[in-house]
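User: Hi! Could you walk me through this structure before I set anything up? I'd like to start with the sheet.

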Amino acid sequence: MNFATQGNQLQELLGLEWPPVALAFQPSAPPHIPRIDRAGPSGCTYWRLAAEGKVFYTEASDHYNCPIGAYTHGIELPLAQAQELEGLVSTMIGLEYLRQEEFATMPRRNAPFGVAIYAPLAEAPFAAEVVIVRGNAKQLMLLAEAARAAGLSHEGGMMGRPTCAMVPEAMRSQRATVSFGCIGNRVYTELGDEELYAAIPGPQLATLIDKLTAIRAANRELENFHRTRMASGPPR
């Protein structure tokens, strides 16, 4: 199954409004793929740009505007941005939004950061390390059920803040990781109140799609059963 097939099939099976996004990390800039023309306000901003059809790569400096996102992606920050990260974390702790121990255990890429490459999965000219899915609760319900059926369900359950931490966590665990999103992500990507994210390890995508086909068919049959049962009224 090639990337175009995987991307189109995943979008069709789930009925996604936004195309799944392929993300990969490489040591250096890939040939024939342009660098993003300007740095975004957050790392997750690049997810939306890719979902809109853009294919590009980013360098470390393109992530400096988002110290938390840069941290989760394993980017070494210059002094000014490192101080900004420290101040931001202190503010979050002061607001009781984050506990000190949470930051210490936050998922983070350990490998040196070279570049990050983004594309719609169906158009990706590279192998995705992570596939990012944006959808509503029912769509991600189906994805979560397929992940469980495939043995790819995340043992830690749903993730919260920061949303970008689901990327290194999916890479580490090689399991599908679902995130509620965080307020920063919702602002920068205009994520709807009813929308969530999932990060799927690229090497596990074909297995998950195979199970998703069966899970969607099963849910349709079960939905018909339950609707018929409801229409017939309570048992006497």
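Analyst: Happy to; we can go through the sheet, a helix, the salt bridges and a few single residues.

User: Great. What kind of model is it, and what goes into the values?

Analyst: This is a predicted model, where local features need pLDDT of at least 70, side-chain atom pairs count only at pLDDT 80 or more, and totals for chains, interfaces and linings use all residues. Residues are numbered from 1 along each chain as its sequence is written, and side-chain values use heavy atoms, with hydrogens and water left out.

User: Thanks. In which order do the strands of the sheet come?

Analyst: The order is β2-β3-β1-β4-β6-β5, an open sheet of 6 strands with antiparallel pairing. At the edges are β2 (56-59) and β5, each pairing on one side only. From one strand to the next, the twist averages 25 degrees. Strands here are DSSP runs of E with at least two residues, helices are runs of H or I with at least four, and both are numbered from the N terminus. Two strands count as paired if DSSP finds at least two bridges between them.

User: How many bridges join β4 to β6?

Analyst: There are 7 bridges between β4 (residues 130-136) and β6, and the two run antiparallel. Valine 130 sits opposite proline 201 of β6. With β5 (residues 177-179), β6 pairs over 3 bridges, again in the antiparallel sense; there, valine 178 has alanine 198 as its bridge partner.

User: And β1 with β3?

Analyst: Those two are antiparallel as well, with 6 bridges joining β1 to β3 (residues 115-120).

User: Is β6 buried or exposed?

Analyst: Buried: 7 of the 7 residues of β6 (residues 195-201) are, so the strand is largely enclosed by the rest of the structure. Buried means under 20% relative accessible area, exposed means over 50%, and partly exposed is in between, with a 1.4 Å probe and protein chains only. Glu195, Tyr197, Ala199 and Pro201 point one way, while Leu196, Ala198 and Ile200 point the other way. In general, side chains of a regular strand alternate between the two faces of the sheet.

User: OK, switching to helices. Which residues of α7 are buried?

Analyst: They are Met166, Val167, Pro168, Glu169, Ala170 and Ser173, which makes 6 of the 8 residues in α7 (residues 166-173). These buried residues pack against β1 (21-26), α2 (45-51), α3 (67-72), β4, β5 and β6.

User: Which side chain does glutamate 169 meet in a salt bridge?

Analyst: Its partner is arginine 172, at 2.6 Å from N to O. A salt bridge here is a side-chain nitrogen of Lys or Arg within 4 Å of a carboxyl oxygen of Asp or Glu. Both residues lie in α7, 3 residues apart, or about one turn of the helix. Glutamate 169 counts as buried at 8% relative accessibility, whereas arginine 172 counts as exposed at 55%.

User: How many salt bridges does the count come to?

Analyst: The count comes to 7 salt bridges. Arg35, Glu59 and Asp62 are linked in a network of them.

User: Last topic: what is threonine 45 in contact with?

Analyst: Leaving aside neighbours within four places in sequence, threonine 45 is in contact with Tyr188 and Thr189, where contact means heavy atoms within 4.5 Å. Threonine 45 lies in α2 and is buried at 13% relative accessibility. Tyrosine 188 is in α8 (residues 183-189) and is partly exposed at 41%.

Key. Axes fitted to C-alpha atoms, helices over the stretch in contact; angles between N-to-C directions.
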